[in-house]
Amino acid sequence: MSSDYEFSDDDNEFFDDEDMFDATQDDGSSDEMDMDADGDDFKITPKNKRKSYEIEYHSLSQSEVEKQMREEVNYICNILGVEPSTASLLLRSMSWNRERLIEKYMDNPSTVLTAAGITLPEPPSSPLQNPIRTHAASGSSSSSTVRRTTRSASKLLGLGSSSKSSPTTRTSPIVQHTTPKYTKFTTKPDEPFVCPICFDDAPNLVTLSLDCGQTFCINCWNMYIVSKIRDEGEIAIRCMAEGCQLIAPDPFIHDVLFPTPPADASAMSVNPQDNAQAWSRFQELLARHFVGSKKDLKYCPYPGCTNTVSCPAGASKFSLTTVVPTVFCGARGIPGQENSDSSLGLGGREHKFCFGCAVEDDHRPVVCSVAKMWLRKCRDDSETANWIKSNTKECSNCQSTIEKNGGCNHMTCKKCKHEFCWVCMGPWSEHGTAWYTCNRYDEKAGVEARDAQSRSRASLERYLHYYNRWANHEQSAKLSRDLYAKTEKKMEDMQITSSLTWIEVQFMKKAVEEVEKCRMTLKWTYAMAYYLARGNEKDLFEDNQRDLEKAVEDLSELLESPIEAEVIPSLRQKVTDKAVYVQKRNEIVLEDTANGFLEGRWRWNVTVEGFDEPDKSELVL
């Protein structure tokens with residue numbers, strides 16, 4: 001457990017702003033090298049060793065995710081002997097679980113292909129006449145039946161030379177999609193083709209169809225595909241014909257959006273820019289589907305960001321009980337809004353989020369299950385908690401919440417019909433004739449009722465204590481835009497009124513960033529403290545919390561102080577020193593809490609998923 005007195009405000013240490021965030025590293029070379037007992041062998045301790053509250057992860061761009069998708073597709077192509085477009089559709093139908101796909105495909109390929117929307121379902125076979133049961137006829141009939149079945153299957157599956165093999169030999173069907181061709185289609189030589197959707201019968205009409213043979217004009221195909229991608233976010237685009245379950249493969253979609261030869265495009269009433277945007281969106285949807293199917297991958301939740309994070313260490317439920325998998329996708333800011341925010345602030349903020357849960361925030365030091373439980377409680381309780389505290393009381397019999405709607409103190413619970421006094425909470429039957437003055441304060445039943453009322457109010461006040469402090473730091477984080485703008489203005493004033501350069505006034509920006517980071521830590525320490533069971537561990541945790549909060553408030557006060565030319569050198573030193581101290585206190589809180597999870601030190605006053613059940617004496621009802 002880290003000591004609460006490891007750092008003090010009275011430390012006479014001074015730091016330059018250039019070294020402010022390097023202060024956590026040891027500057028002694030003796031700590032970097034540990035000599036072995038033999039004197040010859042030694043080991044070097046790496047400087048950038050990962051801290052206990054950090055987790056290993058990798059950031060991936062959309063192109064890197066698409067590369068992984070192509071590798072999965074090529075693997076299936078080599079194993080099953082199918083085309084890339086077919087392999088892609090098969091993998092999507094199985095949520096990119098290639099082991100499950102291979103197992104089911106080897107067991108019944110026709111069923112898998114049909115379910116994936118690649119081939120049409122086989123028509124039900126008509127009952128055959130019973131063959132004459134002679135030895136020769138039986139053999140001939142069997143051979144004929146095998147040949148007919150193989151020939152029929154090859155029409156859909158393209159079996160090639162598999163009919164020459166033994167009937168008992170299993171072969172992997174090779175599926176080939178019909179390549180869309182830009183040809184004129186007519187039902188009769190003297191009758192033009194009429195599109196069944198738009199009823200266009202132009203002589204130069206370009207038509208397309210999937211393997212089902214149901215043909216439509218390219219304009220209808222184009223509008224249908226663009227609408228499915230742009231408006232519905234679909235990646236499985238089925239045939240336009242009613243009841244047809246075939247899914248358009250990627251090459252078909254590409255050729256519809258980018259028709260060739262160019263002469264055919266002149267007959268289309270489409271916008272090439274819309275088609276290009278639809279294809280880009282389609283690729284993004286495919287990448288999102290792939291990422292959503294992998295437990296060790298997660299898409300960045302920030303608006304407009306297409307980066308992905310790979311974090312195998314945070315993919316299991318067990319790991320989420322010992323670490324908070326906070327990751328950074330590698331991007332900064334919001335695309336298209338680079339110039340809308342201050343150069344210091346939100347426009348360049350890194351995309352940091354939790355890999356293990358849907359909380360789109362860095363909720364260290366509290367683990368995901370406790371963070372979700374706290375947010376759920378806040379959504380349910382925080383809006384009405386203050387009003388309930390001020391305007392209601394609980395029935396002393398059934399603990400239902402009651403609001404007084406009249407001047408009389410004689411209350412009747414609508415739920416259990418218990419009659420009691422609003423003033424002393426005692427049974428009304430014991431009040432005798434003193435119905436409206438209530439002078440029976442020492443009555444035993446009234447004392448018990450008031451004790452129950454006090455316990456209920458104490459529970460509510462305890463929740464409000466932690467919630468108000470949690471909400472205060474959350475509100476401070478929301479006001480970070482104003483804080484960044486004020487700091488930028490002060491940095492400009494410091495340049496004008498002193499000889500400092502823009503690089504030399506960056507200590508203000510670093511201090512603001514540290515304040516914002518520590519406020520996020522403090523915010524979630526109150527959520528954790530609410531659920532921690534009473535004991536020495538909680539006392540030490542709250543001591544560290546108190547020290548960090550005091551340091552953050554002191555640094556915030558320095559940042560808010562007015563800038564005067566004669567105090568700029570001393571202010572610079574004070575802000576730099578205090579920022580280093582705040583950073584140290586924040587690391588102490590995060591590291592001590594993370595070590596506590598690894599050591600199984602923390603105990604809870606409620607049931608938390610993944611942890612041992614609390615003792616009855618520690619439960620908070």
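Helices (DSSP runs of H or I, at least four residues) and strands (DSSP runs of E, at least two residues) are numbered from the N terminus. The structure is a predicted model, in which local features need pLDDT of at least 70 and side-chain atom pairs count only at pLDDT 80 or more, while totals for chains, interfaces and linings use all residues. Residues are numbered from 1 along each chain as its sequence is written, and side-chain values use heavy atoms, with hydrogens and water left out.

View 1. Strand β4 covers residues 207–209 and includes S209. S209 counts as buried because its relative accessibility is 18%; buried means under 20% relative accessible area, exposed over 50%, and partly exposed in between (1.4 Å probe, protein chains only). Contact means heavy atoms within 4.5 Å. Beyond residues up to four places away in sequence, S209 touches Q214, T215, W221 and F252. A248 is 39 residues from S209 along the chain, and their C-alpha atoms are separated by 9.5 Å.

**View 2. The largest nonpolar core.** A nonpolar core is a set of buried Ala, Val, Leu, Ile, Met, Phe, Trp, Tyr and Cys residues joined through side-chain atoms within 4.5 Å. The largest has 59 residues, and those with the most contacts inside it include W221, I225 and I253. Helix α9 (residues 272–293) gives the most to this core, with eight residues. Setting aside neighbours within four places in sequence, I253 is in contact with I225, I229, I237, A248, W279 and F282.

View 3. Helix α15 (residues 568–599) has 32 residues and reaches 46 Å from its first C-alpha to its last. This is close to the expected 46 Å, where the expected span is 1.5 Å times one less than the number of residues. Of the 32 residues in α15, 23 are buried. Just after α15, G600 takes a positive phi of about 70 degrees.

**View 4. The largest cavity.** On a 1 Å grid over the protein atoms alone, a cavity is a set of points where a 1.4 Å probe fits but cannot get out, and lining residues have an atom within 4 Å of a point. The largest cavity holds about 70 Å³ of space, a volume being the space filled by probe spheres set on the points. Its lining residues include Y53, R364, L590, T593, A594 and F597.

Terms used: On a 1 Å grid over the protein atoms alone, a cavity is a set of points where a 1.4 Å probe fits but cannot get out, and a pocket is an open set with protein on both sides within 12 Å along at least five of seven lines; lining residues have an atom within 4 Å of a point.
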